[in-house]
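Please read the following briefing alongside the sequence and the coordinates.

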Amino acid sequence: MEETISLKEIFEVLKKRLLLILLLMIGAAGAAAIISYFVLTPTYQSSTQFIVNQDTSEAQSVDINQIRSNLEIINTYNDIITSNRILDQVIEELNLAISPGALSEKISVANSESSQVVKLSATDSDPELAAEIANTTVAIFQEDLPELMNVNNVSVLSEAVVPANPTPVNPKPMLNTAIALVIGAMIGVGLAFLFEYLDNTVKTEQDVEKTLELPVLGVISHIDEKDMMTMGKSVSISQKRERGNFNGQKKKTV
């Protein structure tokens, strides 16, 4: 038989497990903040731009076909920049103790659609080294290009510089904490409904009616010695006989 759950029941489950949900949210957010601030190494990014254009010594006017050709060749240039031929020279020039493959992972090359401007970005834990990698890579690429492609149509637009107060691009503590907070809430809500689903104990009259699918005929209250003494002193007989209305007393449902 298909079971349905009302919004009231959902709210009651969440209210019942609210402490668990809050603890998971706080724990996940705290762990993310600690890892972001104290465990992960911050990395900095520095970028340089260069433009791919026709050789002004060969063409005095703008040639639309030449521009289209330059756009098409940019993808080839992107592959050349991250090739071992260029990166080996960068490693030697900067005395880096990494492989060309590792250096390639620090470099990204991109250009906007239909734009002849190419942006090369380098990331490193040292902001000054990130700028040196970006500038040296473009410089070596510009020097080797005439030999490789028999063209000289690359000009540097802007060099990578280190700002006065460099800001790391990774990690992002606030973003990581926010994501962890949401994940903690999702896990907490999931566990709340899982625990509720696995809880087969009978606690209320409604649980009896739901489990047995029978109406509750009456409720027998459990009265201990302390309650008897209290009732003998201050509680009237009419109050005692009210159905299941003994304050603080256990009840037995039949």
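Asn95 counts as exposed, at 69% relative accessibility, where exposed means over 50% relative accessible area, buried under 20% and partly exposed in between (1.4 Å probe, protein chains only). This is a predicted model, in which local features need pLDDT of at least 70 and side-chain atom pairs count only at pLDDT 80 or more, while totals for chains, interfaces and linings use all residues. Residues are numbered from 1 along each chain as its sequence is written, and side-chain values use heavy atoms, with hydrogens and water left out.

**Backbone features**
- Asn95 has a positive phi of about 55° although it is not a glycine, and its place is in the loop between helix 4 (84-94) and helix 5 (100-106); helices (H or I, at least four residues) and strands (E, at least two) are DSSP runs numbered from the N terminus.
- Asn170 and Pro171 are joined by a cis peptide bond with omega about -5°, and Pro171 is placed in the loop between strand 4 (154-158) and helix 7 (173-198).

- Glu93 lies in helix 4 and is exposed, with a relative accessible area of 55%.

**Whole chain**
- The chain has ten helices and six strands, and buried residues make up 27% of its 254 residues.
- Of the contacts (heavy atoms within 4.5 Å) between residues at least 6 apart in sequence, 73% join residues at least 24 apart.
- The accessible surface, from the Shrake-Rupley method with a 1.4 Å probe, comes to about 17300 Å², of which 56% belongs to carbon and sulfur atoms.
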